[in-house]
Amino acid sequence: MRNMRSTLIRHLRVPLLAFLVLFLITSLVAAVEKPFNFNETPGKLPKDVVPTEYAIRISPKLENFTFAGSETIKLNVRSSVHQLVFNGLELKIEAAAVDGKELPLPAIKTDNEKELVTLTLPSELAAGDHALTLRFTGKINQQGQGLFYMRYQEEGSGARKVMLGTQFEATDARRFFPCWDEPAFRARFQLTVVVPENWLPISNMPIESEQKIEGGKEVRFASTPPMSSYLNVFVAGELDLIESRVGPTQIRVVATKGKAEFGRYALGASAEILKYYNDYFGVPYPLPKLDQIAIPGGFGGAMENWGGITYYESRLLFDPKSSSGETKQNIYEVLAHEMAHMWFGDLVTMAWWDNLWLNEGFASWMGSKCTAHFNPQWEVWLARELPRDPTRRVGIAKEAAMEGDARSSTHPIQQHVATEAEANSAFDDITYKKGQSFLRMLESFLGEDVFRDGIRQYIAAHEYSNTTTADLWTALSDTSKKSVAEIAAGWTEQPGFPVVSVKRAADAQLRLTQERFTVNFKNAPPLLWQIPLTYSVVGETPSALLMTDNTAVLENIPADRALKLNLNGAGNYRVEYDEPSWTLLLEVLPKLGVEDRVNLMSDAWALVQAGRAPVSLYFGLVEKLPASTDLAEREQIISVVDFVNGLLLGSSEREEFQRYAQSLLRPTFATLGWEPKPDETPTAGRLRASLIGALGYLNDPAVLAGCRERFAKYLTDPTSLPPDLRAPVLAVVGRSADEKTWDKLHELGLKTTSIEDQQNFYNALAAATDAKLVRKTLAIALTDELPTSRAIFLVSRVARDSGHPDIAWEFAKSNMKALLAKVDAAGANRYAASQFTFFSDGSRADELKTYAKKNLAQASAPEVNKIVDEIQFRAEFKKRLATQLAAWMERKNR
Ligand SMILES: [Zn+2]
């Protein structure tokens, strides 16, 4: 799955207790992590009854958004039972029969709290094969969970239409049909649906047969191979498609009528990616077809249903006339991520949600590797070095994971998951991004070929089955002849990551010390890692060292030569240089590759955040950088000044900081200019867009005027504004909008049938700073102008961009019930708390705690702790920054 948000889990308050809990958690994980074994896999369902085949028939009723269903499940009873226990949620079971014998209704017990259905059998059911038949009804949801509906405006005609889709991960297949809804219960699924005659239904497998019936048609899909229940999919509506073929595999892009042609880019990319993965994994894609399905609502991300991947429309469709270069790259990356899941996740599935990172960390790493392989011009790995920003470029940033992982609210990659709500919370930065970063570090340590051979061995050994992390380490240890489990333990079984301090000693010796790197986390329990270190004397051959102790010594490092650790920033650790080493590095900046420069910038900024260095360390480095238009390097600066500018809201230092920040960014913008050049690289186009957005946010008068002028021209001639410039120009115009401009932007947003343009217009509305307009924007979240997943994010967007997080929170608080009705399962635990993210006043942390105690479920606690930590960090950092920045800028003025 690919999400649009981020979160972190465990918060350890009392140091001693923290240490004990941590010790317990880590030793527990270490102790229980064994190869996959069905009987020992965690879960709620008894393991003595195993479903092998489902035949499901669903008939949706659009007039009242309900459905009627029936199913027959072939069961393998492993030892005799008196009860059948399986999952069901918000389903009404109207009849049940075992081996054709109807059960009396009182024998059927549904427990919505536990999400379980229990059938009490009249007599013992003997070991062997049996059949369970059920008849049930359920509801079609507004938000993207279970079976849901979406309303949208049709391309061309502009008519309001409705369509259906499903979203089951992590635990919502049970809302669609009663089932053994835990990943280790693999079975074959054969779906039959009834839909209107002019609708196209899609599922995991191709259509097997189709017949007209009263009120529509009945469509039967072929049976799937054995797979986990959460990977089922059903999408239906007035759809179009385009198709191609790779060997035996039919590839299609499916979209609402009139939009399939915008799938041309994704269709080509899918073919390229499929060939790459067929080779990489050593096992060819096993299903007869692969559908990439664009849906105009439900969620903001994508979901790897086997053979029928669903995408939020703007993550799959590309309109060459209006889509930006960034959209194109996002599409490729999301495709590569989801398609990697066809093997890692679908063909081989994690046994339980505590190993979710096996799916997500792996798909994130593989997707980035594949994207970088075919598109070196995008600098994919470099883009991971940017600090976190909840609304931009999620899913790829290593820095984003490291920022969260330094805090008290972090958790290990492998984490204990007991309940459905906890499973839904597991989809976070640590699982995705730290997982990805660790795999990249491990791959470079073991070697690309050895690593790939290990993956091939793993897939071949476990296809159509489930695994734990231990199974992956076994395969990689086999091919590498290294004890991978031992190296990996520190990274996946304990939270956090290290900082390596570098100290020059006499005799050309360099002393290294590792310790846990933390931010806003006093008395953190000390931990130790096996660090695959890389280093080189600048200009010389690189070396590597596995640092297994607290200290290490590097010999023969000339005292007058610069030394760079963590080459290309590929390792998931920070480096803190002593002054002589730092000074030497500053002198050779132009000789370093951009990857290494960005790595120095990221580490410097992190050291400032951690209070280990003053802000002059970071800005001193930035001022020494050679002039360049390298995207990642400039974006790193943009991210930092954006963050500081937001933090200083209401401070007396803000204006002077804005002028200073403008002076850092303007030279690069002057080089690039406003107008795209025909021969420029894609990164130049993206950097121009970022600079316009950033300089506009910094109130740069020339950029503000330039944006307004271009918007006026755009109103009479929409083609005058190049696709790459639309988002930033509209956002800058929105920020300073008066009511008339706001109304115009709103009107444009209502009119467009392009999800991408729509997003740009509503983002612009969200940026308006006038309090009256802020309230007008917020009110939109309660209407059905936007897909549910976008409507709910509008509130956070306003909190971030309008400079009025207070108004946004007041609004959210007053309308929480209506807003939560639009939030899917994965967002339910975090929605309320996340509205506090952009406060930097300590009293808001207390307000959140009080609010949570009164209003939020226990499952929200980890998210609440994370946001409380974020507010406290911002409050403390704001004070520190204001003083240090004043001194830095004063020195500059002198
Ligand atoms: Zn995923």
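Two strands pair if DSSP finds at least two bridges between them. Strands (E, at least two residues) and helices (H or I, at least four) are DSSP runs numbered from the N terminus. This is a predicted model, in which local features need pLDDT of at least 70 and side-chain atom pairs count only at pLDDT 80 or more, while totals for chains, interfaces and linings use all residues. Residues are numbered from 1 along each chain, and side-chain values use heavy atoms, without hydrogens and water.

Now look for an open sheet of 3 strands, ordered 3-7-6 with antiparallel pairing. Strand 3 (81-87) and strand 6 (108-111) are at the edges with a single partner strand each, so one side of each has no neighbour in the sheet. Strand 3 and strand 7 (residues 116-125) share 6 bridges, and valine 85 stands opposite threonine 118 in strand 7.

## Aromatic pairs

Tryptophan 306 and tyrosine 464 make a tilted one, with 6.3 Å centre to centre and 50° between the planes. These two residues are 158 residues apart in the chain.

Is tryptophan 306 buried or exposed? Tryptophan 306 is buried, at a relative accessible area of 0%, whereas tyrosine 464 is partly exposed at 32%. Here buried means under 20% relative accessible area, exposed over 50%, and partly exposed in between (1.4 Å probe, protein chains only).

Note on methods: Rings of Phe, Tyr and Trp (its six-membered ring) pair if their centres lie within 6.5 Å; planes under 30 degrees apart count as stacked, over 60 as edge-to-face and the rest as tilted.
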